[in-house]
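In these entries I record, in order, what I looked up in one protein structure. The sequence and the structure come first.

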Amino acid sequence: MKLTVGQYQQLYAIEKSSDPYEDKIIQRVSVATGKPESEVEAMPLTEFNAINRQITTEYNALRLNPKPISFLKANGRLYQINYKIGTLTAGQNTDIQWWLKEDPITAMDKILASVAVEVKRYGWIKLPAKKRRPHADIAADMQDVDFAQAYGCVVFFCKIFAVSIKSFLPSLEKQMKAKGKTKEEIQTFQTDLMKTLDGFTM
């Protein structure tokens, strides 16, 4: 069973919710199968339990041994991931760090949309698309990406930012001050970001 970024994000939200366990497993199977909860509730128990076990296995296994890859396929489009941090704008760096601080899983589609470049095939040649689509549209595409592939990309950026965070702090602080953030808010943000990065790079 393969899970997309969108499906994994939904499962992740269910896992973190305070709903009763009985409701969670119904929701999980609904997300993984694409069936309404009413249909899931009507499933034979053996089928339901088999699917739920498979979800648990995949959910836990997908985050083991993440590896970054160069290209991602989504909604019939091909995207190349830009791993060259130095080519990103100050605004892109700030946005990525903000989403990493919030939660790399919840914001995975937005993070990927900031570093994904749509490419077109011309025979054996791949070239960047002439016009970049809106960030929100690319993020919507990223929800359709295979989670195992996407996760490796995001973990790569977590590791990069964890190592080089000190060099980014002056630019980050400048960007946040321009947005009206106080010194205390900036310090809290930086502390929370470091905690999140540590959690994803250990």
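Entry 1, helix α5. I listed the buried residues of α5 and found Asn93, Thr94, Ile96, Gln97, Trp99, Leu100 and Lys101. Buried means under 20% relative accessible area, exposed over 50%, and partly exposed in between, with a 1.4 Å probe and protein chains only. Helices (H or I, at least four residues) and strands (E, at least two) are DSSP runs, numbered from the N terminus. I noted that an α-helix has 3.6 residues a turn, so residues three or four places apart point the same way.

I then checked the length of α5, residues 90–102. The expected span is 1.5 Å times one less than the number of residues. For the 13 residues of α5 this gives 18 Å, and the end C-alpha atoms are 18 Å apart, which agrees.

The model is predicted: local features need pLDDT of at least 70, side-chain atom pairs count only at pLDDT 80 or more, and totals for chains, interfaces and linings use all residues. Residues are numbered from 1 along each chain as its sequence is written, and side-chain values use heavy atoms, with hydrogens and water left out.

I read off 9 helices and 4 strands. From the N terminus on, their order is α-α-α-α-β-β-α-α-β-β-α-α-α. Of the 202 residues in the protein, 41% are buried.

How do helix α2 and helix α4 pack, and at what angle? Helix α2 (residues 21–33) meets helix α4 (residues 45–61) at about 80 degrees, and their axes are 10 Å apart. Axes are lines fitted to C-alpha atoms, for helices over the stretch in contact, and angles run from 0 to 180 degrees between N-to-C directions. The angle makes α2 roughly perpendicular to α4, a term for 65 to 115 degrees. On the α2 side, the residues in contact (heavy atoms within 4.5 Å) include Tyr21, Ile25 and Val29; on the α4 side, Phe48, Ile51 and Ile55 are among them.

Is Lys24 buried or exposed? Lys24, in helix α2, counts as buried at 16% relative accessibility. Leaving aside neighbours within four places in sequence, Lys24 is in contact with Ile14, Glu15, Ser17 and Asp19. Lys24 and Ile14 are 10 residues apart in sequence, yet 6.2 Å apart in space, C-alpha to C-alpha.

Gln9 lies in helix α1 (residues 5–16) and is buried, with a relative accessible area of 14%.

Definitions and conventions:
Parallel < 35°, antiparallel > 145°, perpendicular 65-115°, else oblique.
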